[in-house]
Amino acid sequence: MGRQSHDDVSLDDLVRGEELLFLQRMPKTIELWERAQRSMPGGVCTSWSSSRPVPVWVSHGRGAHVWDADGTEYVDVHGGYGVNVVGHANPAVVRAVQDRVTQGTHFAQPTEDAIYVAEALAARFGLPQWRFTNSGTEATMDAFHLMRAISGRKLVIKIEGTYHGHHDSAMVSIFRHQDLLGPVDDPFRVPGPGVAQEMADMLRIVPFNDLTALERVLDRHRGQIAGLILEPMMMNAGIIPPQPGYLRGVRELTRAHGVLLAFDEVKTGLVVDWGGATRLFGVTPDIVCLAKALGGGVPCGAIGGTDEVMGAIRDGRYDQIGTFNGNPLTMAAARATLEQVLTADVYGRAEALGRRMLTGSQAALSAAGQPSYGEVFGFKGSVVFHDRPATNYREFLGISTGVSHLHFLVQHNGGVFLPPWGKSESWTLSVAHSDDDGDRYIGNVARVAEMVAGLGDRSSELFTAGSYS
Ligand SMILES: Cc1ncc(COP(=O)(O)O)c(C=O)c1O
C-alpha cells in the first residue's frame, strides 16, 4: 500500500500503513505468535501483551536496548511495563542473581538479604516495617486485607479509573468507556469479568484530584470506611500528577475520619524519585505498596506500613503469607538494585534526559502546529497529543486513542519500543539510556507530527476527541 496524498488520507489510513510496515518487519514474531496460539490463549503469557497488530516477541535485552525475535534492535522505553529502571542485564543485578543461584533459590525461610531490603525501603519511604510479595497485585491485595482487618469495616474508597492489580477487591471500574462511568458524584461500580458485583459494592469510587468528592463520600459513610487506596500520581492514564495540596488534603481528610491511607506505588515507587511519590510529595501514608522496579527485573512486591498497621501482622490479626514471599533470588536482586543501582544520584540524570525528550518532542509538535502536553518525573515521562492536561480519568478518556496508537507504531517502526497501550502508558527510562536514545524518540515524534499535520483541518478534530477505537 503506497502512502496516499494528504488530500484524501485519514488517520485510519496512516495507522493501517504503519501496521503493515510493522508486520512486514516481523516474520519470526508472527511465526512464534501463530505457534503459541495453539498452546496459549491469544498466543501470549498475559492478556495485556496482546497488542495490535501483533504482540512482539523479544529475544534479549542489554542496557537501554532490546532485540525482537527478528533481530531488530530498539531503544527500550517500554521497560517491561515500568520494571527495567536498572536497564537490561545490569551487571550488579546479574552478579547478585548469579551468586544466589549457586547457593539455592528457595527455602521459604528468610535470608539475610531481606533485612537489607527492608531497611533500605524504610529509609526511603519513611515507613518502619516491610513484608514481601511476588507482584503488585499481591501487595495491594494485602493492603485491602490489612485495612479491613484493622478497622473491622468493609468499604474501601478507590479512585475512578485506577488499576491496582487483578484481585477481586480492586478489579472494579477500570478502563471503562465514558458512557459506562455513571454520574460524576456517584460513579457506577462495575466489576471486572469474573468479579462478583458484591465485591464491587464494597468500593466507593471518587475522581482523582477531587477533595470535595472524597469528603462527601467520607461523610456519607462515616464509620463504615476501612481505607482509601490511591496511586499518588495516576500512572495508567498517561501520567496525571496530583494537583498542589491534593495529597496533603487526602492525608488530612483520612486522618480526620479515622480511615487508613494506602499509596499504590507499584509504578511510581523507586522510579519517580529515590523515595517514590511518598518522598517526592512529602506526604506519608499508612501503607505503601511496591513491585515492578524493586526487583531489578525479577518478580517482586513489597508492602510497607506504620508500626500500628504492621502490628496487625505481628500480633496475628492478619497473616501476610505466600510460599515465595521474600524469595532469595528476588531479595538478592532487590538488594543489588537498591544498594548499587538506584542510588540517590541517578534520578537527576534520568529526569534531565526525560526533559530533553519532552522539550524536543514538544518543539517538533509545535513546529507542525500540533498541540501537546507532557510530564517528566524521574525515570517516567510522557508526551500527550492533546491540548489540555488531564486531571482525572474522565478527562483522560477525551484523548485520541488513534493518534496514540499511531505514535506507538511510528516509534516502533523507527526503532523505539514503547509500551503498546498508547495513551494509557508512559515511557520508562533506565540508568543506561543516553541522549542518543532520547534523540531517536524525538525524531519519531517529529515524524508523527508531520504525518498528523498532513491530515490538514481534520487534525485538530482528531486530537480532541476519542474518535478512533
Ligand atoms: C498501579 C499498579 N498497581 C498494581 C499493579 C499490579 O502489579 P502486578 O502486575 O505486578 O500484579 C499494577 C500493574 O501494572 C499497577 O500499575
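This is a predicted model: local features need pLDDT of at least 70, side-chain atom pairs count only at pLDDT 80 or more; totals for chains, interfaces and linings use all residues.
Residues are numbered from 1 along each chain as its sequence is written.

Helices (H or I, at least four residues) and strands (E, at least two) were taken as DSSP runs and numbered from the N terminus, and two strands were regarded as paired if DSSP finds at least two bridges between them. In general, the strands of a sheet pair through backbone hydrogen bonds, in either a parallel or an antiparallel sense. An open sheet of 4 strands was found, with the order 1-2-3-13 and mixed pairing. Strand 1 (58–62) and strand 13 each have a single partner strand and stand at the edges, so one side of each is left without a neighbour in the sheet.

Strand 1 and strand 2 run antiparallel and are joined by 4 bridges, and histidine 60 has tryptophan 67 in strand 2 as its bridge partner. Strand 2 (residues 65–68) in turn pairs with strand 3 (residues 73–76), again in the antiparallel sense, over 3 bridges; here valine 66 is bridged to tyrosine 74 of strand 3. The hairpin formed by strand 2 and strand 3 has 4 residues between the strands, and within this hairpin glycine 71 takes a positive phi near 90°. Strand 3 also pairs with strand 13 (residues 416–417), in the parallel sense and over 2 bridges, with phenylalanine 417 of strand 13 as the bridge partner of aspartate 76.

Helix 5 (residues 113–125) packs with helix 12 (residues 328–341) at an angle of about 45°, their axes lying 8 Å apart; axes are lines fitted to C-alpha atoms, for helices over the stretch in contact, and angles run from 0 to 180 degrees between N-to-C directions. Helix 5 is therefore oblique to helix 12, given that angles under 35 degrees count as roughly parallel, over 145 as roughly antiparallel, 65 to 115 as roughly perpendicular and the rest as oblique.

Around the ligand there are 15 residues, of which Ser135, Gly136, Thr137, Gly165 and Val266 come nearest, a residue being near a molecule if its C-beta atom, placed from the backbone, lies within 6 Å of it. Helix 6 (residues 136–151) supplies the largest share of this shell, 3 residues.
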